[in-house]
Amino acid sequence: MKYLVVSDNHGIESYLEDIKAKWLNDVDYFFHCGDSELSPESDIWSTYHVVRGNCDYYNEYDNVKLIDTTQDNVLLTHGHLFHVNMTFDQLLYKAEEMKANIILYGHTHQLFATMVDDILLLNPGSISQPRGKYSYLKTYAIITHQEDGYLVEYYNERHELQKELTHFFSMN
């Protein structure tokens with residue numbers, strides 16, 4: 001199973017359309033971690049699961065979603081309500097409460113992936129305004145659920161694989 005994860009496009013719908021056109025036949029789920037700044041009525045949401053970010057001012061968006069993919073329970077959120085700039089504790093507690101084994105979040109604009117107690121925690125970075133160590137790199141992520149773990153790959157806005165960021169996380 002393959003999951004595409006993007007976040008923080010901040011009003012640039014063409015990034016999401018381009019990603020969708022590139023990967024529509026190659027991934028099973030499309031996730032958007034908030035701060036799209038797009039209308040809930042946008043046609044793009046027929047493809048992406050989306051949540052509300054701190055820059056999304058429409059009440060129609062959920063703050064948190066749990067998506068059962070039959071292989072994984074994916075907790076999707078923006079992260080600002082869980083204070084992800086300071087700690088992952090609240091997010092991990094929420095995942096445990098909801099029985100999620102993958103957490104997808106945005107907000108920090110910094111790509112990040114790790115395993116904590118058999119939960120994959122991933123931030124795809126920002127497709128429009130990256131920050132931190134990779135502030136020069138607009139990114140999104142693809143997670144491939146394999147038999148023994150998760151392969152995480154990051155791509156830039158031109159869909160070029162960033163090999164140095166690829167990592168495999170084993171499941172216990």
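Reply: Let us start with burial: a residue is called buried under 20% relative accessible area, exposed over 50%, and partly exposed in between, with a 1.4 Å probe and protein chains only. Helices (H or I, at least four residues) and strands (E, at least two) are DSSP runs, numbered from the N terminus. Please keep in mind that this is a predicted model, in which local features need pLDDT of at least 70 and side-chain atom pairs count only at pLDDT 80 or more, while totals for chains, interfaces and linings use all residues. Residues are numbered from 1 along each chain as its sequence is written, and side-chain values use heavy atoms, with hydrogens and water left out.

Me: How many of the residues of S8 are buried?

Reply: Five of the five residues of S8 are buried, so this strand is largely enclosed by the rest of the structure. In a regular strand the side chains alternate between the two faces of the sheet. In S8 both faces are covered, with Ile119, Leu121 and Asn123 buried on one side and Leu120 and Leu122 buried on the other.

Me: Which way do S6 and S7 run beside S8, parallel or antiparallel?

Reply: Two strands are said to pair if DSSP finds at least two bridges between them. S6 and S8 run parallel and are joined by three bridges, with Leu104 standing opposite Leu122 in S8. S7 and S8, by contrast, run antiparallel and are joined by five bridges, and Val116 has Ile119 as its bridge partner in S8. The hairpin of S7 and S8 has two residues between the strands, and there Asp117 takes a positive phi near 50°.

Me: In what order do the six strands of the open sheet come?

Reply: The order is S3-S2-S1-S9-S10-S11, and the pairing is mixed. Strand S3 (48–50) and strand S11 (167–170) are the edge strands, each pairing on one side only. Neighbouring strands of this sheet are turned by 25° against each other on average, direction ignored; for such angles the axes are lines fitted to C-alpha atoms, for helices over the stretch in contact, and the values run from 0 to 180 degrees between N-to-C directions. Within this sheet order, S9 stands beside S10, and strand S9 (residues 139–146) pairs with strand S10 (residues 149–156) in the antiparallel sense over eight bridges, with Ile143 opposite Val152 in S10.

Me: Which residues of helix H2 are buried, and which strands do they pack against?

Reply: In helix H2 (residues 89–98) the buried residues are Leu91, Leu92 and Ala95. Seen down the axis of H2, these residues fall within an arc of 100°, so they line one face of the helix; the arc is that of the directions from the helix axis to the C-beta atoms. They pack against strand S5 (73–77), strand S6 (102–104), strand S7 (112–116) and strand S8 (119–123), where contact means heavy atoms within 4.5 Å. On the other side of H2, Tyr93, Glu96 and Glu97 are exposed. After the helix comes Lys99, whose phi is positive, near 60°.

Me: How many salt bridges does a search of the whole structure find, and where are they?

Reply: A salt bridge here is a side-chain nitrogen of Lys or Arg within 4 Å of a carboxyl oxygen of Asp or Glu, and the search finds three. One joins the side chains of Glu97 and Lys94 at 3.3 Å, N to O, residues that lie three apart in helix H2 and are thus separated by about one helical turn. Glu97 is exposed at 57% relative accessibility, whereas Lys94 is partly exposed at 23%. Arg158 meets Glu157 at 3.0 Å and Glu160 at 3.2 Å, which links Glu157, Arg158 and Glu160 in a network. Arg158 is exposed, with a relative accessible area of 52%, while Glu160 is partly exposed at 38%.
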